[in-house]
Amino acid sequence: MNHDPRESDEGAQAPQNANSLEAASTPLAEPADPAAARIRIVLVGTQHPGNIGSAARAMKTMGLSRLILAAPEKAPDRDSYALAAGADDVLAAAAIVPDLAAAVADCHFVLGCTARSRRIALEQFDPRRAAALCDARARAGGEVALVFGRERTGLENEELQLCHAAVHIPANPAYSSLNLAAAVQVLSYELRMAALAAAGGEGEAGERREPPASHAQMEGFFGQLGQALDAIDFHKGRVPEAAMHKLRRLFLRAELDEREVRLLRGVLADVERTAMLAGFRR
């Protein structure tokens, strides 16, 4: 994603007094739809403050209000507010957090917007399908994040590993240079259409007896899973990352709820305890 050449870096300052994530979690006057209030747009490592303002404008036109800035190179400035074009409330309420992990720690569903690549070990959706899934998760009570990377380089592999799946905008392959704010606009529009469809009784939301597991809960589970596999020498000298990537994808597809995660972590605790009592050695 390339930045808009109209944007200026003059007067831009490094982030200092960041808003808290809790403050940004408080819905603004928009949106009236409770599901939209549970969907956040996360911009990672934004290089040009003007793009932040343009993204806020794109969001507000489609009824979204929660903007999170993960480690932006520069804080929002006067260019940001100029390009926000009236979406000042979205911009003012934006939280600045140190990294993507902090931005999505309480989320239940995280999608990373990225170019299509066979090297990305994630299920990939087009914007329409991604928006339907996000809207359904939000209507089921989950916190949802749509993540956008740096203008020049996008999301890093380590950041994509924090996502449940990827979103690819099928732009013209002969000229696929898409501005960051334009990408936010495309996904925000699809979210709006998914919300309107749900309001008409065509949504995909289903009822759950238990809240879906949060991103932080899933990461805790994956950490314990890795320890348990090490305790029983599951990898047997092989590089553990390949198996863990496959297991992550498997469990993320399962859409575990909080009770299921607790059950699995109890199983893993018994596995580790049994391995210790048996004097298992790698």
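**Close-up views of the predicted model**

**Figure 1. Seven strands form an open sheet.** The strand order is S3-S2-S1-S6-S4-S7-S5, and the pairing is parallel. Strand S3 (95-97) and strand S5 (124-125) stand at the edges with a single partner strand each, so one side of each is left without a neighbour in the sheet. Strands of a sheet pair through backbone hydrogen bonds, in either a parallel or an antiparallel manner.

Figure 2. Strand S5 is joined to strand S7 (residues 165-167) by two bridges, and the two strands run parallel. Phe125 has Val167 in S7 as its bridge partner.

**Figure 3. The largest nonpolar core.** This core has 40 residues. Those with the most contacts inside it are Ile41, Leu43, Leu67, Leu111, Leu146, Phe148 and Val184. Helix H8 gives the most to this core, with six residues. Apart from this core lies another, of 19 residues, among them Val42, Leu100, Leu155 and Leu162.

**Figure 4. Surroundings of Leu146.** Residues up to four places away in sequence are not counted here. Leu146 touches Arg40, Ile41 and Val42, together with Leu111, Cys134 and Val167. Its contacts also include Leu187 and Leu191.

**Figure 5. The protein chain as a whole.** The chain contains 11 helices and seven strands. Of its 282 residues, 47% count as buried. The chain exposes about 14,100 Å², of which carbon and sulfur atoms supply 52%.

Methods. Residues numbered from 1 in each chain as written. Predicted model: local features only at pLDDT ≥ 70, side-chain atom pairs only at ≥ 80, totals over all residues. Heavy atoms only, no water. Helix = DSSP H or I, 4+ residues; strand = E, 2+ residues; numbered from the N terminus. Buried < 20%, exposed > 50% of the residue type's maximum accessible area, 1.4 Å probe, protein only. Areas by Shrake-Rupley, 256 points an atom, 1.4 Å probe, with all protein chains shown as cover. Pairing = 2+ DSSP bridges. Core = buried A, V, L, I, M, F, W, Y, C linked by side-chain atoms within 4.5 Å. Contact = heavy atoms within 4.5 Å.
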